[in-house]
Amino acid sequence: MDAVLRCFQNGYFDFYLAEFLRFDSAPLGGNLQLKSIADDKLVQLVKCTLDLKAEYASHCTSGNFSPRLFELCNEQLKVLNRLSDGEAAWITGPLWISARQLLKISRYLDKQQSSFKGAHGKQRAKQRSKGDLEDEKFLEKCVRAIHTSFKLCLNDRNPNAQENKKWGVYFFTNLELAIYQQLHNADMIRNLVKVIESRTTELPTPEQALWAHKAQLVTYHHYMARYYGCYEMDYERGFVFAQKAWLASRKTHPGPQENAICGLLIPFAVLARRWYPDLAALDLIRPAVAEFYRPVVECLRNGDLLKYETWLTANEPTLLQRNLYVAMVAMRELVVLKLVKRTVELTGAGPIVPLHLMAAALVYSDTHRGPRNDNTSDVTSDDPTFLDRTECSLANLIAKGYIKGYLSHSNRALVLSKTNAFPKLVLGDCESVKY
Amino acid sequence: MSLEKEHQNTLEENDEFEDFPVDTWPDSETIKEDSSVQTNLWKEDWDDVEVDDDFTKELRAELQKHKQ
């Protein structure tokens with residue numbers, strides 16, 4: 001215990017302090033006279049942490065966490081937050097240890113509570129927030145203490161840059177983003193990112209602050225990629241962050257984290273740069289991701305709309321859960337563009353393409369049945385309504401600069417530019433990009 | 001990790017980004033340092049790629065009918 005007290009007296013963080021703070025490690029040996037500690041807040045921390053360990057040892061060793069364990073862990077972080085005032089950057093280590101274990105307990109209890117609610121239908125959980133009849137999740141309670149740690153780091157005015165707690169900002173940003181993601185609270189994610197963005201000139205870069213913690217650096221870039229690509233629909237910035245996370249991730253022993261990163265990277269690369277993965281190469285390193293996106297890549301290459309729609313429908317719940325549905329719907333336009341380009345090539349019609357050929361291609365790609373052979377539908381490729389729909393699809397592609405040309409409505413034809421009717425959309429050089 | 005285990009980690013699992021089992025790893029173990037992955041992973045021929053699969057053959061046949 002003396003080793004722990006020395007950390008606070010001399011301002012450093014070591015293995016003994018980390019072990020002391022953990023709820024699942026045995027109390028350190030040695031006698032401790034609490035009366036001998038002058039700092040009341042430190043006394044509170046010691047008492048609270050010893051209670052935390054005792055609660056774990058007596059009620060939680062079978063793998064269950066009790067609400068009391070949460071309360072004690074929450075208290076530990078709050079006391080540490082109070083102790084942090086006036087301390088230098090070293091305190092961010094103990095804060096992070098405490099915050100992480102609080103998050104771990106909160107996640108467990110929320111999962112337990114949701115399965116309990118699921119099993120008991122209308123029976124409501126006992127935990128309620130003050131003055132509110134709505135149930136409050138453990139994650140919602142825990143994020144308040146973690147946000148205090150975040151603010152302590154962000155607003156530290158220590159003039160000594162090396163000693164400033166701003167070095168710890170990204171550790172707590174990651175924890176908060178993880179919580180808001182789990183709570184599906186897009187507004188809080190946006191607020192947090194805006195705060196970080198507005199303070200970048202005062203903060204060390206993520207690469208500087210997390211150079212010794214690659215897992216945290218990759219996690220941070222992953223969350224930023226998710227924010228820009230999935231919430232702001234800024235696929236270029238989403239791609240840049242996803243690429244940073246991907247390049248810093250492990251090439252060997254990949255886990256679900258690497259799959260999640262790759263799962264973001266591929267749609268953002270297609271939408272931002274028009275790069276698509278080589279499925280054989282991807283299959284060697286991330287087979288699950290290759291399998292998931294295989295139909296998408298095939299449709300992007302051949303313009304098969306029915307296959308794309310079928311894939312979208314089959315994976316709708318997954319894509320919605322991962323906030324990728326909008327991105328994948330946006331990608332459908334590229335499948336249409338590929339179909340138009342292939343139709344121009346296959347018909348050999350030259351710069352003036354009769355609209356009924358485009359309509360026939362769209363009907364076939366959408367249904368895998370020819371319009372005139374479709375006895376269950378009265379749609380034909382020269383149906384005026386369908387020609388109008390085809391014009392609308394083509395007008396969108398022309399307006400976005402994907403096709404150079406115009407529509408002749410009176411002649412029902414697509415008139416293509418004689419030069420470069422389909423401007424190149426691929427951006428950058430995928431082999432030279434290293435961040 | 002076996003292929004079977006790897007396939008279990010599909011995108012269909014929950015959207016929680018799990019903590020990495022280790023805190024850091026050397027630069028030499030990152031994808032950035034594996035030039036073969038970077039070189040071979042991406043294709044940038046999307047503007048020009050011409051596939052000739054079953055779908056394309058059937059599309060060509062369908063368009064021929066409508067050209068006549």
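1. Ground rules. This is a predicted model, where local features need pLDDT of at least 70, side-chain atom pairs count only at pLDDT 80 or more, and totals for chains, interfaces and linings use all residues. Residues are numbered from 1 along each chain as its sequence is written, chains are lettered from A and ligands numbered from 1 in the order in which they are written, and side-chain values use heavy atoms, with hydrogens and water left out.

2. Aromatic pairs. Over all chains there are 21 of them. Rings of Phe, Tyr and Trp (its six-membered ring) pair if their centres lie within 6.5 Å; planes under 30 degrees apart are stacked, over 60 edge-to-face, and the rest tilted. Take A:Phe23 and A:Phe65: this pair is edge-to-face, with 5.5 Å between centres and 80° between planes. The two sit 42 residues apart, A:Phe23 in the loop between helices H2 (15-21) and H3 (40-60) of chain A, and A:Phe65 in the loop between H3 and H4 (67-84). Helices (H or I, at least four residues) and strands (E, at least two) are DSSP runs, numbered from the N terminus.

3. What does A:Leu69 touch, leaving aside its neighbours within four places in sequence? The list is A:Phe23, A:Leu52, A:Glu55, A:Tyr56, A:Cys60 and A:Ile105, with contact meaning heavy atoms within 4.5 Å. A:Leu69 lies in helix H4 of chain A and is buried, at 0% relative accessible area.

4. Helix packing. H10 (residues 214-231) and H12 (residues 256-273) of chain A pack at about 40°, their axes 10 Å apart. Axes here are lines fitted to C-alpha atoms, for helices over the stretch in contact, and angles run from 0 to 180 degrees between N-to-C directions. On the H10(A) side you'll find A:Val218, A:His222, A:Ala225, A:Arg226, A:Gly229 and A:Cys230, and they meet A:Ala260, A:Ile261, A:Leu264 and A:Phe268 of H12(A).

5. Charges over rings. A charge counts as sitting over a ring if NZ of Lys or CZ of Arg is within 6 Å of the ring centre and within 35 degrees of the ring normal. The charged end of A:Arg273 does this with A:Trp275, 5.5 Å from the ring centre. A:Lys338 has its charged end over the ring of B:Trp46, 5.1 Å from the centre.

6. Positive phi. Look at A:Asn323, not a glycine, yet with a positive phi of about 55°. A:Asn323 is in the loop between H16 (316-321) and H17 (325-347) of chain A, and is partly exposed at 22% relative accessibility. A:His368, also not a glycine, has a positive phi of about 60°. Its place is the loop between H18 (355-367) and H19 (384-399) of chain A, where A:His368 is partly exposed at 32%.

7. Chain B. It has three helices and one strand, running α-α-β-α from the N terminus. Of its 68 residues, 37% count as buried. B:Phe17 and B:Phe20 form an edge-to-face pair, 5.9 Å centre to centre with 75° between the planes, and both are buried.

Methods: Buried means under 20% relative accessible area, exposed over 50%, partly exposed in between (1.4 Å probe, protein chains only).
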